[in-house]
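Q: Hi! Could you walk me through this structure in plain words?

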Amino acid sequence: MTAPIRTLDDRIRPSDTPDSPLDTQEYFINMGPQHPATHGVLRLMLKLDGETIREVIPVLGYIHRGIEKMGEAMTYRQFVHLTDRIDYLSALVNNWVVARGVEVATGTETNDRIEYIRTIFAEIERIQSHMLWWGVLGMDLGAFTPFLYGFRDRETLTDIFEETIGCRLTMNYIQPGGVMHDLHPNFVKRTKAALAYSKSKLHEYEELLSGNVILQERTRDVGILSAEDAVALGVTGPPLRASGVAYDLRKVEPYGVYDRVDFRTAVGSVGDCWDRYWVRVEEMRQSIHIVEQLIDNIPEGKTMLMKPAKKIVIPEGVYYNQMETARGILGMVLVSDGTSDKPYRIHLRSPNFNNLWALDAMSRGGRLGDLVANVSSLDLVVPDIDR
Amino acid sequence: MNVFGSGPGIERRVNVANNDVDVIVAPRGSSRPPGIISWFRSVAIAIRSLLTGMRVTAGYLFGRDKVVTQQYPENRETLEMNERFRGRLKLTHDDNGYMNCNGCKFCEIACPNQSIIIKDRRNPVNDKSELDQFIWRLDTCTFCNACIQVCPHDALEWGQDFEGAVYDRRLLVYTLNSYAGPQARLIERAIKKDEQPEELKATIEPRSRYGTGVPLAGDELPGVPALGGEDKEST
């Protein structure tokens, strides 16, 4: 399969055959890089015909920090703390990808306690990430109340992190060979209380926003992404599942203890903003269900199997390892030369980078006003796009 | 207009990549049948959905006493952070005020961005390497906990202090140790075995937070005058 490669010059040239029967002229406007609805420094060049979007051209690089290059100068254990900062709402899963990559490469077996702790934290983080997204989507669509409610409920979950880990956002907790601290004595009690609270609040979310006529009108049949397009563009995570492809790494290639828990994959049927909305709200429920099954059965055991000060040298080779974050599949390619304790090359396949390119497919032919709903329903974290 | 209402999803089983996966499909509702009566019905449903949302917000406005806001600067006296909270880095001391650090530089090696700089010196009495200055740069620290994790003497811990705002970036470079000299363990052993404990204690020199030649903190920079004496904390 071949596809023509189009440069930026090609894309910003006006098309010769305007679709409109009126003698209209195409024009460009810039959305961002400081636009509040792009949730960061993302710049979108919009080719417009009146209010109809002809093309969305994302322009990247405003928050590029060279994390992959910095990783080449750090040991594996040090590199973990940088992955907090690529997708800061999935910091623990990002840590886990590096940790599991190193463990697979060095042949280290972890015990059940470590895997339980990792899975529980990953799911709690998924809930808090979706809660934040829920609030921000409400605000993007014009309702300020969900933003406050989402942040308020997210606090109860970040309190769990703060108690055990000591940090709320960029945590650096999951490390090669285990986790940094053992669980706090209050952990089980606090988590159960927070889950019960979140469950009652999810019901409130349904009343407040899901059934709301304005949300429904602004999301139904808006920004439709077909399953073929989604697969072709490499879209993963909730946007892919909302298009009807039930591809979830937690089911298809289970890691951690996901193969021991019972949960359902939320999927959509059309692939519009409403499906993406509903899939995420349902994922919150399923994640609560997963944690409820695990929280009482955490086995005993050590929580760190490698000595923290010991050098980790990985045998020569190329290793790949991927996981499902709250936004899609995060993969890490690790190249080791077999002699140094630092990676020769690290590349991250970040979910948001691929999801971003679906914006053009789902917005083309739609209205400018719907673009904000589309961006919001993709749940982009811009530092993850640029890295 | 769709006749909406979110409701529960539809449970189904599909085959993905040769795995049977239990899925739950998003509800779609049904489209409105043509006719004026159904139009009025959809308007009624729309208004009811708005009122349902209003009921939630009104419940918080009246009735429910659920204040979640913390009045932060006012509640400073009673504010307690979690015990594992990563605030400002501290050196631990024993009951007599001697530090546990011996300047082994494990933390300096583990630090991912060179936020810790250890200067050591040799003690003239017992001829052992010991800590001269423990320099910690809060301005580049990412609070990753690596230094505390590798410390073999439990000499480091997080403080509870999180208010680090200052007007000059140079004030974020600290000397953490209060004195340069032997660690607590060596002083204890000298007292126990009577190996010149007084001479050992006499080698102790005080160090202050911004005092002695910390790079960037207090020193003169090209175009920037020196900050002056000690305790110039502008908080």
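A: Happy to; below we go through the chains, their interface and a few residues.

Q: Before we start, what kind of model is this, and how is everything numbered?

A: This is a predicted model, in which local features need pLDDT of at least 70 and side-chain atom pairs count only at pLDDT 80 or more, while totals for chains, interfaces and linings use all residues. Residues are numbered from 1 along each chain as its sequence is written, chains are lettered from A and ligands numbered from 1 in the order in which they are written, and side-chain values use heavy atoms, with hydrogens and water left out.

Q: Great. How many helices and strands does chain A have?

A: Chain A has 16 helices and nine strands. Both are DSSP runs numbered from the N terminus: helices are H or I with at least four residues, strands are E with at least two.

Q: And how does its radius of gyration agree with a compact globule?

A: For 387 residues a compact globule would come out near 21 Å, and chain A has 22 Å, which agrees. That radius is taken over C-alpha atoms, and the globule rule is 2.2 Å times the number of residues to the power 0.38. The C-alpha trace of chain A spans about 70 × 50 × 35 Å along its principal axes.

Q: What share of chain A is buried?

A: Buried residues make up 60% of the 387 in chain A. Buried means under 20% relative accessible area, exposed means over 50%, and partly exposed is in between (1.4 Å probe, protein chains only).

Q: What about chain B?

A: In chain B, 39% of the 235 residues count as buried. Its secondary structure comes to five helices and 11 strands.

Q: Switching to the interface: how many residues are in contact between the chains?

A: 56 residues of chain A are in contact with 54 residues of chain B. Together the two chains bury about 4300 Å², with 53% of it on carbon and sulfur atoms. R220(A), R264(A) and W278(A) supply 15% of the area that chain A buries against chain B, more than any other three residues. Buried area is the accessible area (1.4 Å probe) that two parts lose on being put together, summed over both.

Q: Nice. Is F106(B) buried or exposed, or in between?

A: F106(B) is partly exposed, with a relative accessible area of 38%. Its place is in helix α2 (residues 106-110) of chain B. Leaving aside neighbours within four places in sequence, F106(B) is in contact with A309(A), V150(B) and P152(B).

Q: Which helix of chain A is largely enclosed?

A: One of them is α3 (residues 76-83): eight of its eight residues are buried, so this helix is largely enclosed by the rest of the structure. Those buried residues include Y76(A), F79(A) and H81(A).

Q: What covers them?

A: The cover includes α2 (67-71), α4 (91-106), β4 (174-175), β8 (329-336) and β9 (345-349) of chain A, together with α2 of chain B.

Q: How many residues of α15 in chain A are buried?

A: Eight of the 11 residues of α15 (residues 368-378) are buried, and the helix is mostly covered. Among them are L371(A), N374(A), S376(A) and S377(A).

Q: What follows that helix?

A: α15(A) is followed by D379(A), found in the loop between α15 and α16 (382-386) of chain A. D379(A) is buried, with a relative accessible area of 6%.

Q: How far in space is D379(A) from L137(A)?

A: The two are 8.4 Å apart, C-alpha to C-alpha, and 242 residues apart in sequence. L137(A) is buried, with a relative accessible area of 3%, and its place is in helix α5 (residues 112-140) of chain A. Beyond its neighbours within four places in sequence, L137(A) is in contact with L215(A), Y277(A), S376(A) and S377(A).

Q: Last one: where does Q114(B) lie, and what is its phi?

A: Q114(B) lies in the loop between α2 and β6 (116-122) of chain B. Its phi is near 55 degrees, a positive value in a residue other than glycine. Q114(B) is exposed, with a relative accessible area of 57%.

Note on methods:
Contact means heavy atoms within 4.5 Å.
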